[in-house]
Amino acid sequence: MLVMFVYAVLPLFWLLANASKSGGDLFSTFGLWFGGDFHLFANIGDTLSYQDGIFLRWFGNTVLYSVVGAGGAALLATIGGYALAKYDFPGRRLLFAMVLGAISIPGTALAVPTYLLFSRVGIVDTPWAVLIPSLCSPFGLYLMRVYAADAVPDSILESARIDGAGEFRIFRTIALRLLAPGFVTVLLFALVATWNNYFLPLIVLNTPDWFPLTVGLNQWNAQANSGTSGAGDATYQLILTGSLLSIVPLIIAFLVLQRFWQSGLATGSVKQ
């Protein structure tokens, strides 16, 4: 546990320590400790104001892609998983097999075909080019199918049908409440995946105003390495500080949702 703790926390500590340094201290002091002066708040101000506040635009784009994409992916996975688990219809096994096959396909293999398809449709370089693929979560669908099979008893569904409730009302008032822990689990996985998504936005987006944080910070890094930004060593401080700010929402989301995540992974695993 100590080794795993160091492995997980050491990069975060390195990022915090170096984001609090000035440009001169960054290259002249020990990397795993703070510099002589604490410049974190000044660096945050410089990061938020650099290039007319483009970082805030990237941050807003990332929040949009993550909230809409992850929320939609979790909802669709919950609806699809519930249907696969509780309804018997022709082609159900084949459809579930296709879902399992989709899990084994890496996202990078689909990036170029996705770009060509979106190019024909005319949505390249728009938020839709990032949002639409984010709504598809084969792993989330698989997870919700397995979870719904035990979390939603068939007897409760039959009782609701006998009482005259429609299928949509049963799902909305009964099944969705029972599937809430699994929904939050898929939401957390999709949120992290969408927040850290880099390759797809890099391909489908050309306008900097639509970049997420991952692509925008990499653009700053390229400018710093090429020396074309005109900001000297200070640009590296912007990159480090921006990277630190970009992980804060994920840490908050994990701390808030982890209790639902743990419940979602354990509930339904043991039958009474």
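1. A nonpolar core is a set of buried Ala, Val, Leu, Ile, Met, Phe, Trp, Tyr and Cys residues joined through side-chain atoms within 4.5 Å. In this predicted model, the largest such core holds 24 residues, and Trp58, Val204, Leu205 and Trp220 are the members that touch the most others.

2. Which helices build that core? At least two residues each come from α4 (54-86), α7, α12, α13 (213-226) and α14. The biggest share, 5 residues, is given by α13.

3. Leaving aside residues up to four places away in sequence, Leu205 touches Tyr65, Asp125, Thr126, Val130, Trp210, Phe211 and Pro212. There is also a second, separate core of 16 residues, with Ala85, Ala148, Ile170 and Ala175 among them.

4. Two or more lining residues come from each of α5 (92-103), α6 (107-121), α7 (128-134), α8 (138-151), α11 (180-195) and α12 (199-204). By class, this lining has 18 nonpolar and 8 polar residues, with no charged ones.

5. The second largest pocket has about 380 Å³ of space. Of its 17 lining residues, Leu12, Val192, Ile247, Leu250 and Ile251 lie closest to the centre. Helices α1 (2-19), α11 and α14 (234-266) each contribute at least two residues to the lining, and α14 gives the most, with 8. Here the lining divides into 15 nonpolar and 2 polar residues, again with no charged ones.

Methods. Residues are numbered from 1 along each chain as its sequence is written. This is a predicted model: local features need pLDDT of at least 70, side-chain atom pairs count only at pLDDT 80 or more; totals for chains, interfaces and linings use all residues. Side-chain values use heavy atoms; hydrogens and water are left out. Helices (H or I, at least four residues) and strands (E, at least two) are DSSP runs, numbered from the N terminus. Ala, Val, Leu, Ile, Met, Phe, Trp, Tyr, Cys and Pro count as nonpolar, Asp, Glu, Lys and Arg as charged, and the others, Gly among them, as polar. On a 1 Å grid over the protein atoms alone, a cavity is a set of points where a 1.4 Å probe fits but cannot get out, and a pocket is an open set with protein on both sides within 12 Å along at least five of seven lines; lining residues have an atom within 4 Å of a point. Grid points are joined across faces, edges and corners, and a volume is the space filled by probe spheres set on the points. Buried means under 20% relative accessible area, exposed over 50%, partly exposed in between (1.4 Å probe, protein chains only). Contact means heavy atoms within 4.5 Å.
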